[in-house]
Amino acid sequence: MALLELRNVIRRFGDFTAVDNVSLSIQAGEFFTLLGPSGCGKTTLLRMIAGFDVPDSGQILLDGQDIANTPPEKRPIHTVFQSYALFPHMTVADNVAFPLKMSKVAPAEIKKRMEKALEEVQLSRFTHRFPHELSGGQKQRVAFARGLINRPRLLLMDEPLGALDAKLREDMQRELINLQKEVGITFIFVTHSQDEALALSQRIAVMNLGNIEQIGTPSAIYGTPANRFIADFIGKINLMEARVTQISNTAMTLEINGLGTTVLPPKKEIQAGDQGVIAIRPEQVAVHALAKQAEIPHAHTGKVLDFLYVGDVTTYVIELDSGIQIEALLANSSPGRARFFEVDDPVIVSWPQEAAQFLVDRP
Amino acid sequence: MKHTNLTLWLAASLVYIFLYIPLVIVVVYSFNDSRLNAEWVGFTLDWYYKLFNNQEMLLAARNSLIIAVSASLLATILGTMAGLAIHRYRIKVLPFLAFAPIAMPEILLGVSLLLFFLQVLNLTLGLVSIIIAHTTFCVGFVAIIVRARLQGMDDSIFEAARDLGATPWQTFRLITLPLIMPAVIAGALMSFTLSIDDFVITFFTKGIGEPILPIQIYTMIKIAVTPEVNAISTLFMLLTLVLIIIANRLDSGILQGEKKS
């Protein structure tokens, strides 16, 4: 049985449907992420799981029990808030001990567990400090220690790394993965950052306009996006309008606008005449000097329009003869290769046939 | 640039002189060894001595203290609840209803309260009616102060408390109340100062009988401005000033501390 199961959960605010008939199930021990742009309903969903909000209809099952109407203090679910929400009038020790006091654990036991929890997050020296005397990263650790100390079945996190600077965020991401492995508690993480979601999660649910668009492992979401929205939202991708001209049991022929035909393996539930996009990740696109045209099959000619050098990689924007623009990401891994091409250089681009994916438009 | 600074400084000084000169005169003359408020004769504490032997005045002071303590206590409880409700429910008309009595002319409030006590409640005017009247206009002040403090706080703190196992009552007792306490105390002190020197509303709702301090002072100067009035006024001023300073320290001081974090 799933640890947490949502069945047809709907939440409306006036005319606006924040969560539109969402169903999903999360297994014990998972690191699960709700990912989506702001306003997609991920925070509303999290608030209903925590108990701060009640669904208009649908069920929220924890170990098979419907908890949709249970107040937050009666749920074995704790939350780490974006703002950390530490109690400003209590010391670090009192903040961390709060959940134990609320469940009436004996004072001696509270002290022991509080000290152990603070040791685990390397904050033993800060026991008697107040939240305003801590740095962002330290507050963050206190919030995690407080959320985990009473061993909840589920720990919810609402963009907990959003307020940290980039360097610290990466460190905290690593710590978070280790922490989850150590404590073995199921984590549900909410973020709008696809990098964070890909780095942290075992499974990701991508949300848009109150719906879950796709659930899968980070590599499945990145590698085989289910539709145009996900392809566009997760990472960078080249999207080219295309139409299916022919489909058989072994092959699917597509007409790409301005680029001619291409043949891909067939996909289910697709018919001749279907419209959609061909999606190719920039790192799959190869760029060569025009002179090599004879050696490369399925190549398209064009010229360099612009490029962006960011150190480890360079992104080239190439305009094909048909007017279509394609981005290519080239690694600068060997010395002297930072600049392969200059603006206006004539080039040819190609990609492995199997790297292209056809994403059909569903009305 | 320098010129503007000087002008500003001068203007500000004039405003402060204008504000405080009358008060300073009262304080100075309360120590003047003369029945007349005309010229400085010599230092004396006589007027304070006389004041503390004036039974009528002491009774008025006692009554005023009873009223101020009761009214500020009631107003603090009601005003804190109002402040919390205004913050939580975000219904536009709620803050308006709580704050309107502050802006309303006192004389209007006095008349309407008088009519309410006499015609609706059928109450005999006295200390009780004054306490109710003072509570009415103090509630709004407490509500404003408490609400302002809540607005400066992160609401997820209260959700975090519930999330970590606190019942609504525990959340209020352990989190909300300690965090708004400076505002609650500031509101109480504010109410006390407003109540103890209120004249207009007290005048309308006191009926006959019990002497009340501000009205007692007024009655005394109708006959003659004696230095005894200066003495009571000075003591009065001192009390009010101390309370206002404490209230100000409590509220703004802690709010600033919060912003730093």
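Visitor: In what order do the strands stand in the open sheet of four strands in chain A?

Guide: Happy to start there, with the ground rules: this is a predicted model in which local features need pLDDT of at least 70, side-chain atom pairs count only at pLDDT 80 or more, and totals for chains, interfaces and linings use all residues. Residues are numbered from 1 along each chain as its sequence is written, while chains are lettered from A and ligands numbered from 1 in the order in which they are written. Helices (H or I, at least four residues) and strands (E, at least two) are DSSP runs numbered from the N terminus, and two strands pair if DSSP finds at least two bridges between them. With antiparallel pairing, the order in this sheet of chain A is E2-E1-E4-E5.

Visitor: Which strands stand at the edges of that sheet of chain A?

Guide: An edge strand here has a single partner strand, so one side of it is left without a neighbour in the sheet. In chain A this applies to strand E2 (16-26) and strand E5 (65-66).

Visitor: And which residue is the bridge partner of A:Ile10 in E4(A)?

Guide: Strand E1 (residues 4-13) and strand E4 (residues 57-62) of chain A pair in the antiparallel sense, with five bridges between them. In E4(A), the partner of A:Ile10 is A:Ser57.

Visitor: Chain A also has an open sheet of five strands; what is its average twist from one strand to the next?

Guide: The strands of this antiparallel sheet follow the order E15-E19-E16-E17-E18 in chain A. Strand E15 (286-289) and strand E18 (325-331) of chain A are the edges, each with a single partner strand, so each has one side without a neighbour in the sheet. From one strand to the next, the twist averages 45°.

Visitor: Which residue in the turn between E16(A) and E17(A) has a positive phi?

Guide: E16(A) pairs with strand E17 (residues 313-320) of chain A over seven bridges in the antiparallel sense, with A:Phe307 opposite A:Tyr316 in E17(A). The two strands form a hairpin with three residues between them. The turn residue with a positive phi, about 100°, is A:Gly311.

Visitor: How far apart are the end C-alpha atoms of residues 4-234 of chain A?

Guide: UniProt annotates residues 4-234 of chain A as "domain: ABC transporter"; its positions are given in the numbering used here, feature names are shortened, and annotations may be inferred rather than shown by experiment. The span is 36% helix and 26% strand, and its end C-alpha atoms are separated by 26 Å.

Visitor: Is A:Cys40 buried or exposed?

Guide: UniProt lists A:Cys40 among the residues of a "binding site", including A:Gly41 and A:Lys42. A:Cys40 lies in the loop between strand E3 (31-35) and helix H1 (42-50) of chain A, and is in contact (C-beta atoms, placed from the backbone, within 7 Å) with A:Met207, A:Asn208 and A:Leu209, leaving aside neighbours within four places in sequence. A residue is buried if 20 or more other C-beta atoms lie within 10 Å of its own, exposed if 12 or fewer, and partly exposed in between. Because A:Cys40 has 23 C-beta neighbours inside 10 Å, it counts as buried.

Visitor: How many C-beta neighbours inside 10 Å does A:Gly41 have?

Guide: A:Gly41 is also in the loop between E3 and H1 of chain A. Beyond its neighbours within four places in sequence, it is in contact with A:Ala18, A:Val19, A:Met207 and A:Gly210. A:Gly41 counts as buried because its number of C-beta neighbours inside 10 Å is 24.

Visitor: Turning to chain B, how much of it counts as buried?

Guide: Chain B has 11 helices and zero strands, and its C-alpha trace spans about 70 × 65 × 30 Å along the principal axes. Of its 261 residues, the buried share is 36%.

Visitor: Which helix gives the largest share of the side of chain B that touches chain A?

Guide: The contact takes 18 residues from chain B and 19 residues from chain A. Helix H7 (156-163), helix H8 (168-196) and helix H11 (227-260) of chain B each supply at least two residues of the chain B side. The largest share, six residues, comes from H7(B).

Methods. Two residues are in contact if their C-beta atoms, placed from the backbone, lie within 7 Å. Axes are lines fitted to C-alpha atoms, for helices over the stretch in contact, and angles run from 0 to 180 degrees between N-to-C directions.
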